[in-house]
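User: I am new to this structure and would like to know what stands behind the labels used for it. Please take me through them one by one.

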Amino acid sequence: MHHKKLEDVFKELETDENGLTEKEAEARLKKYGLNEIQQLKKISPIKIFINQFNNIVIYILIFALAVSIFLNETIDAIVIGVIVIVNAIIGFIQEYRAEKAIEALKKLAGLRATVRREGKEKEIDAKLLVPGDIVKLETGDKIPADCRLIDVTELQTQEATLTGESTPIKKEISVLAEKTPLADRLNMTFSGTIITNGKAHAVITATGMQTEIGKIATLIEEIKPDLTPLQKKLNTLGKKLGIVVIIISIIVFLTQLFKNPAVLGYLTSFQFLEFLKGSREIFLTAIALAVAAIPEGLPVVVTVGLAIGIKRMVKRNALNRRLPSVETLGSTTVICTDKTGTLTKNEMTVTKIYANGKIIDVTGSGYDTEGEFLSNNKKVNLDELKLLLKIGALNNDASFDKENVIGDPTEAALLVSAAKSGVDYGQLRKKHARKHEIPFTSERKIMTTIHDMDGDVAYVKGAPEVVLKLCNSIYVNGAVRELKENEKKNILQTNADFAGNALRVLGFAFKAVTDESRAEKNLTFVGLQAMIDPPREEVKEAIEKCKKAGIKIVVITGDHEETAKAIAKEIGIEGISITGSHLEKMSQEELDKEVEDIVLYARVNPEHKIKIVNALKKKGHVVAMTGDGVNDAPALKKADIGIAMGITGTDVAKEASDTILLDDNFASIVNAVEEGRGVYGNIRKYFSYLISGNIGEVFIIFLSIMFGWPAALTATQILLINLVTDGLPAVALSSDPYEPNAMSRKPRNQKDPIYKDLQPFIIYYPSALIIAALSVFYYFNFIKGNLIQAQTATFLTVAMFELYQAFACRSTIYPAIKVGLFKNKWLILAVLSSFALIITSIFIPSFGSYLDMVPITFMEFIAIVALSSIGAVIIEISKHLKSRNEQLEY
C-alpha cells in the first residue's frame, strides 16, 4: 500500500475518510477475524498434568512404587500409586487455575484504539479493528495494526521491535516506490510499534496475522509467569529443608538397619533380593518421611494465591500485569500519586474567565452546554469573549457529544465553554482548518496550532506563566496594545487566586504568522480560563486508610502549587510542598535529606519523578508511582510498583507499568495494596499449616527411632497424613478469606522472612505435637503392648492435631474465634472429609488393614481426639496474648 496514491488505497479498501459503517465493520470482522497475534503456546492440560510428576518428591515415590511392585507388595504399591495420582491431580488443579488466571490477565490488558466510523470517533478494543478502519494515532500510543498514513503532525515512531532501528523514524504521507524496504516505508505505521511524538490519522491496511509483525509470528508477551521473589525464597527454603530431611531420613534408615542384624547380613553376603525384602518397611519409612517433610507444594500454592489476588483486584479496578507485583503491593510504604483524575474526578468545568481586565463567572456544570457568562451578576457581551473561546475550541484535540468525550477532559471543558457562547466547534474547525501544530509536552507546557484565518494565525494555550513569558502585547476590548509589567503581575496574581481556590488555569494567546519557526515568539495575550476538578468522594477515606496503614502519600503534579495545595488540604494531605523549579536546583543529596518531609511536588516534569523515587528508595521505602505519559515510563520502571492510568494513560506508560488502574482512581491503588497484604497473609497461613505439621512428623519418627523404639508411624500412615490431613485443608486455606484489618497494620519489611513472628506455629505447636504423639505411642506400645494399635493411635493423634490446626491457621495474627471459625466452607468440607476417612480407616478393619490400621476402643478414640486439640489451643492462646500485648485492633 505504500506505493499507491491515497485515493487508490481508499478505493482498494472500500472506505473513505469518514470510516466504515458499523455494519460493514462487523462483516469485515467475520471475514478477517480478530486483530490479534495468534498465541503460539496454548495451555496444554496434558502437559501441566505430566509436569506434576516432574519433581524430586514424586521421583522418590515412584521408586518406592517400583520396589513394592518388584517385591509383590500389592497393597503398598496400590496405596503409593493412589497417593502419587491424587497428589498430581491436586497439583494439576491448582496450576491449571493459575495458568488460566494468567491467560485471562493477558486478555484484560489488551490495547484500546480510537476509530472513526460513520464520521464519529469512538474508543474500542483494538482486537475489533478491521482493514479499512480510520484510526487516530497520538504520542504514546502503541500502533494497533498496519496502517497507511492519511495526515501527520510531527509524527515519529519507534520501530525497533520490527526493524531493529533504535532511533525514532519521522513519518510523512508522500507516495513511495513499490520496492521500498520495510524500514524505509515512511508513509506506513506498523502494528506493535510506538508513537514517540506527534499525531496522525491513518487507514488500516492489515490486521492480526496479516500484519508485518504477524507474518514473522512474533508473540508479544505482555505477562511472563516468572517465579516471584516469594516463590524463589520458598524454593530456597524448601531445598534447605529437603537437604535436612534427606539427612534425617538416611539416619533413620541406617539406624533401623543396624538394629536389624539379619537384614544387614543379607547385604554383607550380597543377597540383594533378600535384603530388599527384609529392608522394605525400613526403606519405605525413610522415603515416606522425606515425602511428608518436603513442602513441594509451596511454590504452586503461592502462584494460586497470587492469581486469586489478581482476579480479586480486577474487581476492584486494579489490573496487575505481573504476579510479583501482587506481593510487592502488600509491602508498599509510599504512594506517589498524580492529582488530576486520580485524586480528582477529571470532570473539568470552566467556572472562571479572565479577559479584558475583569473576572467573569461561567455557570453550568459537567459537559452540559447550557450556561451563562456573568460579571458582577450581569450578563457579559459575548463578543468580548469571542476570541478567547475561539482559541480554546481550535487549539484543541478533544471532541464530545451527549454520549461520550474523546480526548483530554481539560480540552473538553474548553469546548463546552465555547459551546455555551453558541460556538459550534465542528463548523469552526471545518472553516478554519489546522495547517500546522507544535504539540504540547510536559516540558514545554504549551501547545500551538496554526490556522487559516484569512492569513495564518498561531493560537497558543498552556500554563499561564509560560504563555505570559512569550507575550509582549495584550488583547483588550478588540484592540491590541503593549503588555505592561504591572499588567503581567496582575494576571499572575489572578492566576494564583484562581489556583488557590483549587482551579486549574490555562492561558491563551495568538499571533499572525509569516514564519512558522517564530510562531511562539512575541505573542498577544488574550485571557485565562479556569476550571474546577473536584476531589473524588472516596479519596478522603482512602487517604485516612493509608495513614492508618503506615503508608505515606506524596502528590506529584504538573499543576500549579496553590491548586495542588488546596486539593491536598481538602483530602487530608498536609505538609511541605515544593515546585519543580525548586527541585531542579536541589542536588540528589539535598533531596535525600528532605524527602521524608515533602508531601507535594507541583509544576514538576516527568524526569523529576525518577529523582524523587531514588530519594525515597534510599530511605528504604517501597515506592508505588503513578504515571500516564510517555515520559513517565522511566519512573514507572524505576519504582517498585509502576501504576499506569487505564483511561488516560498512554500505551507506553501501560507497558512500563506493573499495575493498571482501570478507573484512574486513587482509591483503587489503596484497594490494591489491601489485596496485596491479604494475599501475603494467606500464603503465610498455608506456610504455617504445612511447615508446622512437617516438622512434627519428622521429629516423631526421628525421635522414636533414636529412643530405640519401633517407628511411631508406618510409611503408609505417613503418606496418608501427607495426602489427606495435610493436603486437603491446605488447598482450602489457599483460598481462605483475607486476614481482617489488613490496613490497620504497618507495612511489612520485604526483607523479613515469611516465618517471622510464627513461633506459635513452627515452635510451640510442633513441640506439643511431638510430646503428645510420642506419649500416646509409648502408652499403647509399652504399657498396652500392641505395636499396631500404638501406630494407629499415633496416626490419629497427628491427624487430629493437623485438623484442629487448620482452623487455628485461619489467622496468623488474631484468635480464630475472632475471624470466624466456620467462614471458609471449603475448609470445613476438607476437614470433614479427612475426619470421615480417619474414622473409616480405624473402625472398618476391612479397609483399615490396607492402611496399617487396627481398631482402638471408642473411649480411647474420644480421649485422643480431645487431647489433640491442645496444639491448636496453644496457638490460640499465643495469638491472644500477642494481640492483647500489642493492642491489635480487630
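**Labels and their grounds**

Analyst: Lys461 and Glu411 are both buried. This is a predicted model, and the labels below are applied to it.

User: What makes Lys461 and Glu411 a salt bridge?

Analyst: The N to O distance between the side chains of Lys461 and Glu411 is 2.6 Å. The cut-off is within 4 Å, for a nitrogen of Lys or Arg and a carboxyl oxygen of Asp or Glu, so the pair qualifies. The two residues come from distant parts of the chain: Lys461 is in strand β18 (residues 456-462) and Glu411 in helix α15 (residues 409-420), 50 residues apart. Elsewhere, salt bridges with shared partners join Arg312, Arg316, Lys545, Glu674 and Glu675 into one network.

User: How many salt bridges are there by this rule?

Analyst: The count comes to 36. One of them links Lys122 and Glu22, with 2.6 Å between the closest N and O atoms. That pair also connects distant parts of the chain, since Lys122 belongs to strand β2 (residues 120-125) and Glu22 to helix α2 (residues 22-32), 100 residues apart.

User: Why is Glu22 called partly exposed?

Analyst: Glu22 has a relative accessible area of 30%. Buried requires under 20% and exposed requires over 50%, so a value of 30% falls in between. Lys122, at 27%, is therefore partly exposed by the rule as well.

User: What makes Glu12 and Lys4 a salt bridge, and how is each residue classed?

Analyst: The side chains of Glu12 and Lys4 meet at 2.3 Å, N to O, and the limit is 4 Å, so this is a salt bridge. Glu12 has 44% relative accessibility and counts as partly exposed. Lys4, with 24%, counts as partly exposed too.

User: Why is Glu589 called exposed?

Analyst: The relative accessible area of Glu589 is 52%, and exposed means over 50%, so the label applies. Glu589 lies in helix α22 (residues 588-594). On the surface, Glu589 gathers with Glu590, Glu594, Glu596 and Asp597 in a patch of negative charge.

User: What makes that patch negative?

Analyst: Its members are Glu589, Glu590, Glu594, Glu596 and Asp597. Asp and Glu count as negative, so the patch is negative.

User: Which residues make the nonpolar surface patch, and where do they lie?

Analyst: Ile839, Phe843, Ile844, Phe847, Phe858, Met859 and Ile862 make a patch of about 630 Å². Helices α31 (825-843) and α33 (858-867) each supply at least two of the residues, and α33 gives the largest share, 3 residues. Ile844 sits in the loop between α31 and α32 (845-848).

User: What makes β11 and β12 a pair?

Analyst: β11 is joined to the antiparallel strand β12 (residues 373-375) by 2 bridges, and at least two are required, so these strands pair. In β12, Leu374 is the bridge partner of Asp361.

Technical notes
Residues are numbered from 1 along each chain as its sequence is written. This is a predicted model: local features need pLDDT of at least 70, side-chain atom pairs count only at pLDDT 80 or more; totals for chains, interfaces and linings use all residues. Side-chain values use heavy atoms; hydrogens and water are left out. Patches are made of residues with over 30% relative accessible area and no salt bridge: like charges are joined within 9 Å, nonpolar side chains (Val, Leu, Ile, Met, Phe, Trp, Tyr) within 5 Å. Accessible areas come from the Shrake-Rupley method with a 1.4 Å probe; for residues, only the protein chains shown count as cover. The place of a charge is taken as NZ of Lys, CZ of Arg, CG of Asp or CD of Glu. Helices (H or I, at least four residues) and strands (E, at least two) are DSSP runs, numbered from the N terminus. Buried means under 20% relative accessible area, exposed over 50%, partly exposed in between (1.4 Å probe, protein chains only).
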